[in-house]
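Here is a short briefing on one protein model. Look over the sequence and the structure, then read the points below.

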Amino acid sequence: MKFRLLFFTFLFSFFYTNAQDDWGWWNELHGWESGDPGWRNWIKITPGYMGPNALPVPEVKRGLITEKTEFQVTTSNHFHSGDPTQDISAKLFLPFAKNRIAVEMWGVLFEHFAFSEEIRNERIARNKDGTGVAIGDFYFSTLIQISKDRKFPNTLLRFATKTASGNQLESARYTDSPGYFFDLSFSKDFGQKEATLFRPFGLIGFYSWQTNDELNLQNDALLYALGGEIIKNTWVFSGSFSGYSGYKNERDRPLHMNFEMRKDFENRAVRLKYQHGLHDWKYKTLRVSFIWKFKGIN
């Protein structure tokens, strides 16, 4: 009995000591000392100091609710010399009430990352080797069609909530905190789909998320986008600029270009999208989406 007690005491002491020593490299690197705020307070909850899916610029809406329910699976490759990232995400779009209202649910199901030592230190991450997998945040939104096919531009109201379901805050991948955004998107159609239809669109809104700054527990941002698309039969080609501008000016003003091509079939569609980060979001992202379409609930 005495031997077992000594044995387990040794094991406990061994693993406890190792667990304490594991963070010695981080403590020394960032000058952390006993009595300082915990490591969570050191990580910057802002898009420029986290992974590509932590606080992404929301998808640009075109002022319209489409007619069919869609389930979408997307594979993404985020190219970055110091933080190459791959992920799989899913989205459900469900219109009802004669396409006047819709709900969306989406999130990253699986993310693989492998960032460099330079990126690790810059982001104050506690993942020593910089590699791992993560599960992303879950989002849901409500969309309301305010105006459609009138002299006034097509107008769509969106209100979305970001949950804190994502993990790997220690690797600066997800924020472990909630957020929300709402916006109005506008568009106007010129021409006919069967020939060639041109649709300019824009978006203006508000984006807010929780931070770990005790003096400013929330970062608020102006959300915006501007672009256009060409529709010919079952093909869609679009380009846009989108971003948001946080008030703290701490790499919280991401801006990127979006180029998209979509081909629709009877009950499915394929979409190819390229995003090029211009400011505070330094990724070049290629997305391939497979979409299944179903009759909407009306």
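**Charges over rings**

The charged end of Arg-268 lies over the ring of Phe-265, at 4.8 Å from the ring centre. Arg-126 has its charged end over the ring of Trp-26, 5.0 Å from its centre. A charge sits over a ring if NZ of Lys or CZ of Arg is within 6 Å of the ring centre and within 35 degrees of the ring normal.

This is a predicted model: local features need pLDDT of at least 70, side-chain atom pairs count only at pLDDT 80 or more, and totals for chains, interfaces and linings use all residues. Residues are numbered from 1 along each chain as its sequence is written, and side-chain values use heavy atoms, with hydrogens and water left out.

**Aromatic pairs**

- The structure holds 15 aromatic pairs. Rings of Phe, Tyr and Trp (its six-membered ring) pair if their centres lie within 6.5 Å; planes under 30 degrees apart count as stacked, over 60 as edge-to-face and the rest as tilted.
- Phe-181 and Tyr-207 have ring centres 5.5 Å apart and planes at 75°, so the pair is edge-to-face.
- Phe-181 is in strand β7 (residues 179-187) and Tyr-207 in strand β9 (residues 197-210), so their pair ties together parts 26 residues apart in sequence. Strands (E, at least two residues) are DSSP runs, numbered from the N terminus.
- Tyr-207 also pairs with Tyr-244: the centres are 4.7 Å apart and the planes at 80°, so this pair is edge-to-face.
- Tyr-244 lies in strand β11 and Tyr-207 in β9, so the pair ties together parts 37 residues apart in sequence.
- Are Tyr-207 and Tyr-244 buried or exposed? Both are buried (under 20% relative accessible area, with a 1.4 Å probe and protein chains only; exposed is over 50%, partly exposed in between).
- Ring pairs also join Phe-159, Tyr-180, Phe-182 and Phe-206 into a cluster.

**Nonpolar core**

- In soluble globular proteins, nonpolar side chains tend to be buried together.
- The largest nonpolar core has 21 residues. Such a core is a set of buried Ala, Val, Leu, Ile, Met, Phe, Trp, Tyr and Cys residues joined through side-chain atoms within 4.5 Å.
- Among the members that touch the most others are Phe-181, Tyr-207, Trp-209 and Tyr-244.
- β9 and β10 are the elements that give two or more residues to this core.
- β9 gives the most, with 4 residues.
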